[in-house]
Amino acid sequence: MSEASVDRKVLRILKLAARVGALRGFEPMHAELVDTEDLVAFAREASIAGTVMVKNDGLLPLNLDEDTKVAVIGHKGVRTQGGGSATVIPERVVTPLEGIQEVYGSDNVTYSAGAIVQDGINELPLEHITHPHTGKPGMRVEFVGPDGQVLFAEDRLSTSLVWFGGDAPISSASKIRFHTEYAPEETGTIHLGFSSVGHGRIFADGELLREATVDPVGTDLGAALLAPPGVSAPETVKQGIPLEILIEITPRSNAELSNTLGVTIGLEPKDTDPDELIREATEASRAANVAIVVVGTNSKVESEGYDRTSLALPGMQDRLVSEVAAANPRTLVLVNAGSPVLMPWRNDVAATLIGFFGGQEFGQVFADILKGVAESGGRLPTTWPANEEDVPVINVTPESDGTLTYDEGIHIGYRAWLKAGAEPAYEFGFGLGYTEWTLDSLEMPENLTAGEVGSISITVTNVGSRAGKTVVQVYAEKPDSAVDRPARWLVASAPVWADAGETVNLTVKLPTRLLAYWQDRWVCESGEYILHVGTSVTKLALHAKVDLVAG
């Protein structure tokens, strides 16, 4: 990395820190920063760079005219970030549906839910809640003592909250009040409630709807804190007519999680017929020129603090994709998950993108990639299996005494897949773009001494018809090693941008420390190493040998 790029990154961090300080009411240390970061543009840039295209049968980029009809299918309130400590409150969020409507026009876009992704209590959208005292978006949280006095109060911009230490007097409060006004998105019956371990009461417009005690399920402390069960009560509402919500919770004390609390105030999904939802989505896709299905995990399946029990998408999403693809061969799937999921329909759809919780600009990024204005720049940082039984390391459950034995040793991640020889759906490092590349030549020193940093010269050509990006990856192999080694391991990578027909001469650094193994310390083993250069852990076009002298 050049000094100039380091300086730009430092400047960006300083500017972001100053912005965060201002948002929290602190004065930035250096208020005289002249160059200001466009944070929205930065969020968009990061999301584009992290989106991975794993399939494209020529559908993308979409060449759509003003008469093209697009069927968007999937959960409207798609996740844009992970749970737990990954949670932030953006100023605004652009969903994939909104991004597509902005590009192709609302009149040309139909929407169908298709399948219910979320279960349990889902938080209320910020744009639909109003702080009862300030009139601004948000919710009032009050910690009340035994005598009825308010011990502590917070104004929050989310109705899904976690306290882990801090100033909130959780252990000394006799109850906690959550107060907001909710403007319903449509007329009908909602199921208003909370998820948290403890005793709670649900009020709507001053009327007690339900009183209940929620007990933890299972023994997983992380799940009890971050994904507790919930209760709800039905309430009839009218679109846009504010509903005053007051929920009081007496949390259950837990010595192992003292001064911690997880609470979500919100709604349970509507009780709908899953077969009817899929039928409606299939009919909409059949009437459209292209079908776009958004699938993904939910916070009950994938979040911080507890383990997943399956790699399958929750609900009936796999069936949804299969039936939509059967009705319209021009089907694109956007997978919105933070880690690998099974995609049994992957060979039946025309294109697949993996968004990895794309952040607040997710919808705009998705629309830009569809149009070809932007190119998905990410490559897979994990291996995505074809079948769950193929996963080489999957047992992460401790024994009854709490011990967990790591029998796989150093063979984890893509290294475990290489050792097992199983073929995944998509391998580590894989990703497609909108152009084609060749790796033409590889040059490096024949000999290196431990402690040195070698230089690897690689020539890459964009042989496609448009400008684009690829990621060149370098893997090392040590034949006949004296110790247990991975089949190969990543030692360097670098992104490459080039115009159509352009050849780029790339230089990457190889510290010999990356060829070492750990044995109470890092040890370099003398002998021959083979370096493989390619675009994923298995797509390796160039090879070279180097002799390492341990010294």
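The model is predicted: local features need pLDDT of at least 70, side-chain atom pairs count only at pLDDT 80 or more, and totals for chains, interfaces and linings use all residues. Residues are numbered from 1 along each chain as its sequence is written, and side-chain values use heavy atoms, with hydrogens and water left out.

**Helix α7**
- Nine of the ten residues of helix α7 (362-371) are buried, so the rest of the structure largely encloses this helix.
- Buried means under 20% relative accessible area, with a 1.4 Å probe and protein chains only.
- Helices (H or I, at least four residues) and strands (E, at least two) are DSSP runs, numbered from the N terminus.
- The buried residues of α7 pack against α2 (39-50), α3 (96-104), β16 (290-296), β17 (331-336) and β18 (351-354).

**Thr512**
- Thr512 sits in the loop between β24 (503-511) and β25 (517-518).
- Thr512 is buried, at 1% relative accessible area.
- A polar atom of the Thr512 side chain lies 3.0 Å from the backbone oxygen of Glu452.

**Nonpolar cores**
- A nonpolar core is a set of buried Ala, Val, Leu, Ile, Met, Phe, Trp, Tyr and Cys residues joined through side-chain atoms within 4.5 Å.
- The largest nonpolar core has 34 residues. Val474 and Val508 are among those with the most contacts inside it.
- Strand β23 gives the most to this core: six residues.
- A second, separate core has 30 residues, including Phe194 and Ile245.
- In soluble globular proteins, nonpolar side chains tend to be buried together.

Technical notes
Buried means under 20% relative accessible area, exposed over 50%, partly exposed in between (1.4 Å probe, protein chains only). Contact means heavy atoms within 4.5 Å. A polar contact is a pair of N or O atoms within 3.5 Å; within protein, one must be able to donate a hydrogen and the other to accept it, and residues adjacent in sequence count only if both atoms are side-chain atoms.
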